Amino acid sequence: MNRQVFTAACRAALLCLLFTALAFAQGDRGTITGTVSDQQGAVMPNANVTARHRDTGAVHSTIVTETGNYTLPSLPAGVYDVSVEVPGFKRMTQQGVTVAVAQTARIDVVMQIGATTESVQVTADAPLLRTESAEQSHNITGERINQLPVNFGVTAGGYVRSPFAFINIMPGANTSGQNNIRVNGFTNNIQMRFEGQESSNSNSAQRVDELQPSVEAVQEFTLQTSNFSAEYGQVGGGLFNFTAKSGTNAFHGSAYEYFSNEALNAGIPFSNNGNGELVRPRSRKHDFGGSFGGPVVLPKIYDGHNRTFFFANIEFYRDKKIAGGNFQTVPTDAYRSGDFSAALTGRQAGVDPLGRPIMENSIYDPNTTRTVTGTDGRSYVVRDPFP
């Protein structure tokens, strides 16, 4: 094979790999859509629409259709600045448009007559009223997860920090014991997706704690509860759609340590540990780790700003507790040889119909069962104790 043929084959293989990657589902992405018109309400086809990601500098562009509509699909979650350019009109820019996981933001733009060198900037997010679909969903960002308390320090059980701890603040959903999630009345009839990849536990729907991503690595997640797209089928309850953090044009990282100790916990009411203090069950947990991300930069070789990024997170969980257990008894050597005299306490529990004392813990011989006349003249069934 000559060099030209080999090069062509390599290019073809690379293109196939690229198209295959692009064909993967991107269920963790969001969308911006809207209409472009002039001040009289006439639509403006062929306008250039550009959305720029604030943190990464990534640019996504499209052209307005003949009906005046545009759509920018498969956008990574984050904050964008949306710009629209039309010859003979001022450049319109709407800043701070938040794109959430699996949700659509509608940005309608009204162009103003003027030179293209002029610009109009609007600082506002997308409207809260969503008219693009009837889907019911709720979005929680990683920042909010870190701001609110989690069930890490729970004495009875307690777990590594988990984004699933926030299910209880969502309408129509609740969780108990970390592994029992109810959405729309369905118990554990849910589906998990991380970065668009199916990650549900096919062996046991209850083992949610085996699926949870690290809180520090979550950019945000959306709980879709009803009327969601057909691509999110096969679930009667809710769909948890997670997206991970990404590197940005600025290096950023974190180091964290969350811990629980019984010395900081409230004691059990009305209890006493023998020293005049309330009983505080032992609880010593540690959840610690760190994260780091940014642009890929190789000095004098490659500058990844606005192009190539990395992000990594590592987390450890330690739960120090006293080993549980209970007491068990086994037969003594005397019991094994048939001598049960050690079981006798010497206390008399009463008398039998023949007037004989009934000693506590006596063992009676079933082979001596017989009918006798008691001291009161009535018939009784009695047995004799083993010696």
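Biologist: How many helices and strands does the protein have, and what makes a run of residues count as one or the other?

Modeller: The protein has three helices and 26 strands, where helices (H or I, at least four residues) and strands (E, at least two) are DSSP runs numbered from the N terminus. This is a predicted model, in which local features need pLDDT of at least 70 and side-chain atom pairs count only at pLDDT 80 or more, while totals for chains, interfaces and linings use all residues. Residues are numbered from 1 along each chain as its sequence is written, and side-chain values use heavy atoms, with hydrogens and water left out.

Biologist: How many aromatic pairs are there by the ring rule?

Modeller: The count comes to seven, given that rings of Phe, Tyr and Trp (its six-membered ring) pair if their centres lie within 6.5 Å, with planes under 30 degrees apart counted as stacked, over 60 as edge-to-face and the rest as tilted.

Biologist: Why is the pair of F288 and F316 called stacked?

Modeller: The ring centres of F288 and F316 are 5.4 Å apart and their planes stand at 20°, so the pair is stacked. F288 belongs to strand β19 (residues 284-295) and F316 to strand β22 (residues 309-320), so the pair ties together parts that are 28 residues apart in sequence.
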